[in-house]
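Please find below a colleague's note on the two-chain structure under review. The points are meant to be read beside the model.

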Amino acid sequence: MAPVDYALRRLIKLPLLLLAVSLLVFSLSRVGGSPIGIYINHEMTPAEVAEVAERYGLDEPLHRQYLAWLGGVLQGDLGWSGVSVAPVADVLPQKLMASLELSLFAFAIVIVLGVGIGTYAGARQNRLADHISRVISIVGSSLPIFWFAFVLLIVFYLILPIAPIGRSDPDIYNSISHPTGLYTVDALLNLNLLAFRDAISHLLLPAVVLGFEGMATIARVMRSSMVDEFHEDYVDMARAKGVPEAAVVKRHVRRNALVPTVTVIGVAFGLMLQGSVIVELIFQWPGVGRWMADAVLRGDQATMMAFILVAAVIFLLVNLIVDIAYAYLDRRVELGT
Amino acid sequence: MGSAARGTRNHWTWATAVVVGVTLVASACTGGGRDTGSDDEETQGGQGQSGPSVMVSQWGGEPETLDPARAEAGNYGDNAIIQVYEFLVDIGPDGPEPVPMLATDVPTQENGLVSEDGLTYTFPIREGVTFHDGTDLTAEDVEFSWDRVIEMDLPEGQASTLTDIISDTRVVDDYTFEVTLDRPAGWFLSSVVNSTPAAIVSMDAVEANGGVVPGEPNEFMDTNVVGTGPYELVSWDRNEQMEFDLFEDYWGEPASNPVRVEVATETGTVLLGIRSGEFDLIEPQPQYVQRLSDDSEICIDQSDFLLEPLHLAFNLNIPEDRLPDSDTIPADFFFDPRVRQAFNLAFDYDAYFDALGGLAAKATYLPPGLLGWSEDAPKYEQDLAQAEQLFRDTGWWDEGFTLSVLVESGSPTFVAIGLVLKDSLEALNPNFRVNVVQVSETQFDRAHGTTPFEYAAWIKNGDPFRDPHFLMSTYFHPDGEWGERLGFRNGYQDSDRIAELIDEAGESTDVEERERLYGEVMELIHEDPMWIWAADERNVQIYRCEIENFVFNPAWTFVRWRFYSKP
């Protein structure tokens, strides 16, 4: 099946999947009790609590609450965020773009360094480069993310004050327009080098922390795949034909080694979303991870439900891209089978 | 393309990638550093502006609303409101007596601004005061500000502070405002006029943005500020930061530095932030003291006490069969004062003070700094022998019991009370079991707001009342807020006498008479305790030592930026 057709078929099934997700999310959120807790305080009388419940429609039967919520979602109303005291739909895009920027930057580190290190090490099996890459893989997989984050902060923020926390210097951030919500891109669009430097300086540490584990995993998988591919007959054939080693590695071995690695890349992206909560909390990054942590601790169900829905969409889309990429890399794979 | 050409292209590709990567890293290393808001040109948005340094204050949360009609007492909304709004009278740094603010005089009977019967207060309004929206302050704005709170009467706000005492408000002329109370109240100026709901807002701004709708919040006022204070709100990025700039047309002594509030919840980040100079002021937590005390650039002030006693509440209104399954106590478990006395005597107060790192002291029912406080006031000390005897006398010693105590999980100060009680009782008698049930803030609020309360006890801190009347009414009056909900009349040996004394002390304007009456109340409630009054928490303030003129009055609840300056 052609990739376009395949993508369309998957996209058509998306709403049904999301409906199932929405029902599951709503049901699970209500297991924890009514979301009214975020709107009341401990000094309210029962009558006052009832008044607040009526104001937010929380005195209705559950199924009506679900339909009201679903109806709102379909019209772009994701509910009222108790944490942000604003419509979720107003706050979510801003937070999402902040997290997306961090994730993309981290993802770039994961891909470039992970694939690069894995390729380099795989082509030099059992030599120094290979041993170093194994150490990196083990360290990256076992290093607690919060510890790594604080070590980097102590070194680069406290001792050598060259890296800031947060997303930006507010004065610089507010001096440019933000058409995309991605600070780096907006800085370039505004042709503001100062803002660009500010964006990069704030991105670097949290992106390194966020991407480190994924980079180590990709490097390990890529290295193993490379080693396996080097044992294939076509490699001997290519060498026998006089193809330069560099070409053998880049055009043949690496391409085939990427096939299993791409699957892991998709999983690594999902794991990065999880790690983003800790990274955002520690580095004061104003993304969805930090927002969600606050929402969970404070029982803000509207925010949690909206985020889970959006995360489900992102995850399904990312996996769709991974599947198509898989078919592109390995011509033997047929989409739709 | 030939192999040589491909090789050349690959080299260029690698070279470009290396250059881009080095550029990015170099940008990160040279374009970073701390955002201290100094008058460095580059951190002023590249516009070449110089000006006072920005003072950065860390908060662990942020306001839910900036509307004085809606803000909950003691929350971040309160904290923001006192920086940007003003009141008719204020409590100065040297407090606790009120000083003039938007009124030119503090009403007293001596200066004739309080009527002889103590019911009518006249406030001369200061002329030449401008709101943040450019309009001028008049008595009409004052009346509007108070009346809107009363009319809106939002359950999440503090409207009852006004509605419980005010009978009428009147504009006498453009610069004279009159209030009539429904009964005399010695606490009116300190606890009502200087309270969040009595903050003065611009009538023109409110009426242009949604007006006043009974029972409905005003969205504009939730996120905007139209006060008269030395700061005005510039921007608010939810869950991230708030920026306050100096109000150019402020009528009084201007503040020195603009302020940026950074929301940071992670302990490690907060500690690194204050050490590095990113934060100039941080929200004090007892556990920070030990970790920052070795830093000579950080000042830690522990001289006063907070007006928020840490306590555990006994529930005398337990619903039948609604307690957790593990609980074995009957509904009338706490009716007998001897049981409540035994709990107070069993509690290991020293262990609790240790848990707070020495940042607490023995609590009397009225905290230090409040009218009526006395070092000699009755308070409980641990006495295990007496506790045992009381449990034996009441029959619980052999039978034993299991009960659950509800507490917010995110407050180690509160959780420690539950754990110390658990250790104290279970060490006294293995037949005693205490389950400390830790829940999130919203779950706690929901359970707390449920009547009847479905646990044997809860743990919290008191609200920061500036006058003993409110503390006594709320926490000890048999028909007060907690008295009704927790069923104090089921347990007090002389409910009517306690009620009479508290009411009389509240109405009296004679300071000595009030002190005498509160003393008598404390003797009674000591014998008939409805709480474990675990400790008075020390007021800890943590700031960078370069901050000048740091001063704090516990009656403020929060720091007041206007008094501080940062070079």
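1. The structure discussed here is a predicted model. Local features are reported only where pLDDT is at least 70, and side-chain atom pairs are counted only at pLDDT 80 or more.

2. The contact between the chains. Chain A contributes 51 residues to the contact, and chain B contributes 47 residues. On the side of chain A that touches chain B, the elements giving two or more residues are helices H2 (46-55), H6 (145-159), H7 (170-173), H9 (193-230), H11 (245-283) and H12 (288-298) of chain A. Of these, H9(A) gives the most, with six residues. By class, this side of chain A is made up of 31 nonpolar, eleven polar and nine charged residues.

3. Domains of chain A. Chain A is divided into two parts, domain 1 (3-86) and domain 2 (97-329). The C-alpha centres of these two domains of chain A lie 32 Å apart. Where they meet, 22 residues of domain 1 of chain A are in contact with 20 residues of domain 2 of chain A.

4. The domain 1 side of that contact. Helix H1 (3-31) and strand E1 (80-81) of chain A each supply at least two residues to the side of domain 1 that touches domain 2. The largest share comes from H1(A), with twelve residues. The residues on this side of domain 1 of chain A divide into 14 nonpolar, seven polar and one charged.

5. A helix pair in chain A. Helix H4 (residues 88-122) of chain A packs against H9(A) at an angle of about 30°, and their axes are 6 Å apart. The crossing of H4(A) with H9(A) is right-handed. Their contact has 22 nonpolar, six polar and one charged residues. H9(A) was also named above, as the element that gives the most to the side of chain A that touches chain B.

6. Chain B as a whole. Chain B has 19 helices and 17 strands. Its C-alpha trace spans about 100 × 70 × 45 Å along the principal axes. Of the 567 residues in chain B, 47% are buried. Among contacts in chain B between residues at least 6 apart in sequence, 70% join residues at least 24 apart.

7. Strand E16 of chain B and its partners. Strand E16 (residues 457-461) of chain B is mostly covered, with four of its five residues buried. Strand E12 (residues 310-314) of chain B pairs with E16(B) in the antiparallel sense over five bridges, and B:Leu312 stands opposite B:Ile459 of E16(B). Strand E14 (residues 401-408) of chain B, by contrast, runs parallel to E16(B) and is joined to it by two bridges. B:Val405 has B:Ala457 in E16(B) as its bridge partner.

8. A three-strand sheet in chain B. An open sheet is formed by three strands of chain B in the order E4-E6-E5, with antiparallel pairing. Which strands stand at the edges? They are E4 (120-124) and E5 (166-173) of chain B; each has a single partner strand, so one side of each is left without a neighbour in the sheet. Neighbouring strands of this sheet are turned by 20° against each other on average, direction ignored.

9. E5(B) and strand E6 (residues 176-181) of chain B pair in the antiparallel sense over six bridges. The bridge partner of B:Arg170 in E6(B) is B:Glu178. Helix H3 (residues 139-152) of chain B packs on the sheet and touches E5 and E6 of chain B. The direction of H3(B) makes about 165° with that of E5(B).

10. Positive phi at two aspartates. B:Asp153 has a phi near 45°, a positive value in a residue other than glycine. B:Asp153 is found in the loop between H3 and helix H4 (160-163) of chain B. B:Asp321 is found in the loop between E12 and helix H10 (337-346) of chain B. With 7 C-beta neighbours inside 10 Å, B:Asp321 counts as exposed.

Notes. Residues numbered from 1 in each chain as written. Chains lettered and ligands numbered in written order. Contact = placed C-beta atoms within 7 Å. Nonpolar A, V, L, I, M, F, W, Y, C, P; charged D, E, K, R; others polar. Domains from an automatic or database assignment. Axes fitted to C-alpha atoms, helices over the stretch in contact; angles between N-to-C directions. Left-handed = near helix turned anticlockwise from the far one by under 90°. Buried ≥ 20, exposed ≤ 12 C-beta atoms within 10 Å, placed from the backbone. Pairing = 2+ DSSP bridges.
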